[in-house]
Amino acid sequence: MKKNSVKSYDSEKNLAPYALRSSDSQGRHYPEKEHELRSPFQRDRDRIIHSTAFRRLEYKTQVFVNHEGDHYRTRLTHTLEACQIARTLARALFLNEDLVEAVSLAHDIGHGPFGHAGEWALQEIMKNHGGFEHNVQALRIVEKLEDSYVEFPGLNLTFETREGLKKHPERFYKNPLDRFQTLEAEAADIGDEIAYSTHDLDDGLRSELLREQDLEGVALWDEALGYIHKKYGKINTSKKHRLATRLIVNCLVKDVIEDSAARIHKIKLCSIRDLQKKRNPVIAYSSPMKRRLAELKKFLHQRLYQHYRVVRMTDKGQRFLKALFQVYLQKPAQLPPHVAVRAKRDGVHRAICDYIAGMTDRFAQDEYKRFFEPYERV
Ligand code: MG
């Protein structure tokens, strides 16, 4: 791995000493001359945005499958919300916003169709064939599967962006503390959590699978409503729900910024080196806020993710995927040529798994129709 030539970029002028500068990057797997205008992390971000896997996020499920409605979050809009929150954290804490952006935008590109249910289906099938996990798949995509560059496979991202994608380091290292830690990756993780916890609540209310009265007793919600009531009195329900969601985002973001800044000061964090081998994240909520968020997440688990209509949506998706996998496996000659080539190289299970994981909900549904509906063209 070649170290970058030392160069300072405008976007990195005001960074804290514990932020990661491009000049400290461990570089790319395939050495490249860096760009004269964009920092290496800006360039990572741009490669991610231009990747096929990123564009597919538009038609992949967050909670509600795509055809259920046009106003629900998709994997793409979730990614944008997560990224936007993480960038706010980064800017307030003087971290490298470009690196945060690159990690955030790529954090979910390993998801298959139909959200977590799709992942469980692939996990079950791949149990004895090397497994499947969306974080591992994200790395596989950026290191191997993206196929647009002449000089290298994948996107040839910097070491730090790739390390940032190893959210569950135990899946990548024998000792999870061997992961190269950056505050930028921590900010991206928290941005993801704040985004899904709040927008899933918003989508749950929008879909009327969640009702306002069910939320009574959830502290974050009660406080937001109390504030709204005091400030505005009685207002339109949908505006009230949107405002409550925004207030909760704001409350979580402010808590993380204040608590993390205090922690950085307390542990006298001065460099990236100080950060390595630390067990607990530095970018984190205060303990009371952590408990309140856990309460909201528990509520969403019980009332939204386990709602019979959500279970129906996702279970239907799982059924499609398993059926498709079996069809391909029984007669691999039905696989398109680019997948057949990979089956020779990586084994038939892995090639089918990569193929299905890459599908959007929509493509998987169309493919299912092509195989199972007699009058559908193949
Ligand atoms: Mg996510």
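**Close-up views of a predicted, helical chain**

**View 1. Phe-114 sits in the loop between H4 and H5.** The model shown is predicted. Phi of Phe-114 is near 60°, a positive value in a residue other than glycine. Most residues other than glycine have a negative phi. Which is it for Phe-114, buried or exposed? With a relative accessibility of 2%, Phe-114 counts as buried, because the cut-off for buried is under 20%.

**View 2. The whole chain is built from helices, with zero strands.** There are 16 helices in the secondary structure, and zero strands. The radius of gyration is 22 Å, close to the 21 Å that the globule rule gives for 378 residues, so the chain is as compact as a globular protein of that length. The C-alpha trace spans about 60 × 60 × 35 Å along its principal axes. Of the 378 residues, 54% are buried. Take the contacts between residues at least 6 apart in sequence: 70% of them join residues at least 24 apart.

**View 3. The surface of the chain carries about 19,200 Å² of accessible area.** Carbon and sulfur atoms account for 51% of this surface. How many side chains are positive, and how many negative? The chain has 64 positive and 54 negative side chains. The centres of these two sets lie 1 Å apart.

**View 4. Helix H4, residues 97-106, is mostly covered.** In H4, 10 of 10 residues are buried.

**View 5. Asn-96 caps the N-terminal end of H4.** A side-chain oxygen of Asn-96 lies 3.1 Å from the backbone nitrogen of Asp-98.

View 6. The relative accessible area of Arg-45 is 17%. Arg-45 is therefore buried, since the cut-off is under 20%. An α-helix has 3.6 residues a turn, so residues three or four places apart point the same way. Arg-45 and Val-103 are 58 residues apart in sequence, yet 7.8 Å apart in space, C-alpha to C-alpha.

**View 7. Helix H15 is mostly covered.** Of its 11 residues, 10 are buried. Among them are His-349, Arg-350, Cys-353, Asp-354 and Tyr-355. Ala-351, Ile-352, Ile-356, Ala-357 and Gly-358 are buried as well. Against what do the buried residues of H15 pack? Their partners are H2, helix H5 (115-125), H6, helix H13 (308-330), H14 and helix H16 (361-372).

**View 8. Gly-347 lies in the loop between helix H14 (337-346) and helix H15 (348-358).** Gly-347 is partly exposed, with a relative accessible area of 27%. Gly-347 and Asn-236 are 111 residues apart along the chain. Their C-alpha atoms are separated by 57 Å.

**View 9. Lys-277 has a positive phi although it is not a glycine.** The value is about 65°. Lys-277 is found in the loop between helix H11 (272-275) and helix H12 (287-305).

Notes
Residues numbered from 1 in each chain as written. Predicted model: local features only at pLDDT ≥ 70, side-chain atom pairs only at ≥ 80, totals over all residues. Heavy atoms only, no water. Helix = DSSP H or I, 4+ residues; strand = E, 2+ residues; numbered from the N terminus. Rg over C-alpha atoms; globule rule 2.2 N^0.38 Å. Buried < 20%, exposed > 50% of the residue type's maximum accessible area, 1.4 Å probe, protein only. Contact = heavy atoms within 4.5 Å. Areas by Shrake-Rupley, 256 points an atom, 1.4 Å probe, with all protein chains shown as cover. Lys, Arg positive; Asp, Glu negative; His and termini not counted. Charge placed at Lys NZ, Arg CZ, Asp CG, Glu CD. Polar contact = N/O pair within 3.5 Å; in protein donor to acceptor, adjacent residues only side chain to side chain.
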